[in-house]
Amino acid sequence: MAVPIPVGVSTASVWPLKAGVAFEMAADLGYDGVEVMIWADPVSQDVSALRRWSRRTGVPVLSIHSPSLLITQRVWSPDPEVRLRMSVDAALELGARTVVVHPPFRWQRRYGDAFGDLVDELEEESGIEIAVENMFKVRPPGGSRTSRVSAFRPSIDPTDVGFRHYTLDLSHTAAAGMDALSLAERMGSGLTHVHLADGTGLPKDEHLVPGRGIEPCAELLEKLVNSDFSGQVVLEINTRRSPSAAQRSRDLAESLLFARFHLGQ
C-alpha cells in the first residue's frame, strides 16, 4: 500500500498570530505537520523555540519557507544567499525534508547569477530538497490597474530555468492566470511540494480555502495520488480577516478535510 501523502499547514495560515499557534492548531485538527514561514515573528526565526513547539505538540516540521518575501529581506541577513543557507541549516536541525524558496528578484543580480549553482550545491551537501516556487506578476509603482510586470528573474515560472525540485502554489497560479495542471506537467517528477490554496483569478495573491475559487485544487490532488508523487501538501491559506478564533479553526478544518478527501485519505 502506498504511503499517504503528508498534509501540513503553514504558519502563515494563522498570521498575524505567532508560529506556536499553528503547531497547536495542527495538533488539534489532525494535520501531519507544519511548514514554518520565516518572517517577522521572532518564534519563526528561532530554531530552538520551534523545536520546543514541535516537541510540546508532537507536530513535526515538514518544511521551511526561506525568508524570500519583500517584507523579509532583512530577516536573518540582508544577503539572500545567507538567508537560504540558514534556511537549509534550520531544516536540518528540525528534521524537515524541504526548503521552499522564491526565484531571485530582478534586482538581486549577484544572487540571481549564482542561484542555480547555489541550489545545486546546497542540495548536494545537505540532502534537503530546495523546492523553487512559481510566482505571479505584480502592479508596478505608479502603474495602471491593469499593468503587471514580473519582479522575478528570469520569470515567474521556475520551469523556464529548470530545477531539481519545485513548489507548486495554486494561489499564485490563480493570480498569474496560469494553468496549474499544465504547470504541474512541466514540473514533472521535480514537483515535490504543493502549497494548496485557491484564488478567483484576480491578479492578487488571495490564498483562499481550497474549493472557494476557480483553481483545479481537487483535480491536482487526485492527479498526485495517481502519479508517483512522494512529496508533501501544505495548506497555505489566508485567515487574517477571520472574525474569531472559531472561524479560523473552521477554515483550517475545512481545508484539511478537502485535502484528505481528494487525496483519498
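Keep in mind that this is a predicted model.

**Exercise 1.** Decide whether Arg-164 is buried, partly exposed or exposed, then do likewise for its salt-bridge partner.

*Solution.* 
- Step 1: Arg-164 has 40% relative accessibility, so this residue counts as partly exposed.
- Step 2: The salt-bridge partner of Arg-164 is Glu-124, and their closest N and O atoms lie 3.1 Å apart.
- Step 3: This pair connects distant parts of the chain, with Arg-164 in the loop between β5 and β6 and Glu-124 in helix α4, 40 residues apart.
- Step 4: Glu-124 counts as exposed because its relative accessibility is 56%, and exposed means over 50%.

**Exercise 2.** Work out which parts of the chain the salt bridge between Asp-251 and Arg-212 ties together.

*Solution.* 
- Step 1: The side chains of Asp-251 and Arg-212 meet at 3.1 Å, N to O.
- Step 2: Asp-251 belongs to helix α8 and Arg-212 to the loop between β7 and α7, so the bridge ties together parts 39 residues apart in sequence.
- Step 3: Asp-251 is buried, at 8% relative accessibility, while Arg-212, at 43%, is partly exposed.

**Exercise 3.** Find the strands that pair with β7.

*Solution.* 
- Step 1: Look at residues 191-196, which form β7; six of its six residues are buried.
- Step 2: On one pairing, β6 runs parallel to β7 over four bridges, and Thr-167 stands opposite His-193.
- Step 3: Four bridges also join β7 to β8 in parallel, where His-193 faces Gln-232.
- Step 4: Together with helix α7, β7 and β8 make a right-handed β-α-β unit.

Key: Residues are numbered from 1 along each chain as its sequence is written. This is a predicted model: local features need pLDDT of at least 70, side-chain atom pairs count only at pLDDT 80 or more; totals for chains, interfaces and linings use all residues. Side-chain values use heavy atoms; hydrogens and water are left out. Buried means under 20% relative accessible area, exposed over 50%, partly exposed in between (1.4 Å probe, protein chains only). Helices (H or I, at least four residues) and strands (E, at least two) are DSSP runs, numbered from the N terminus. Two strands pair if DSSP finds at least two bridges between them. A crossover is right-handed if, with the strands pointing away from the viewer, the path from the first strand over the helix to the second runs clockwise. A salt bridge is a side-chain nitrogen of Lys or Arg within 4 Å of a carboxyl oxygen of Asp or Glu.
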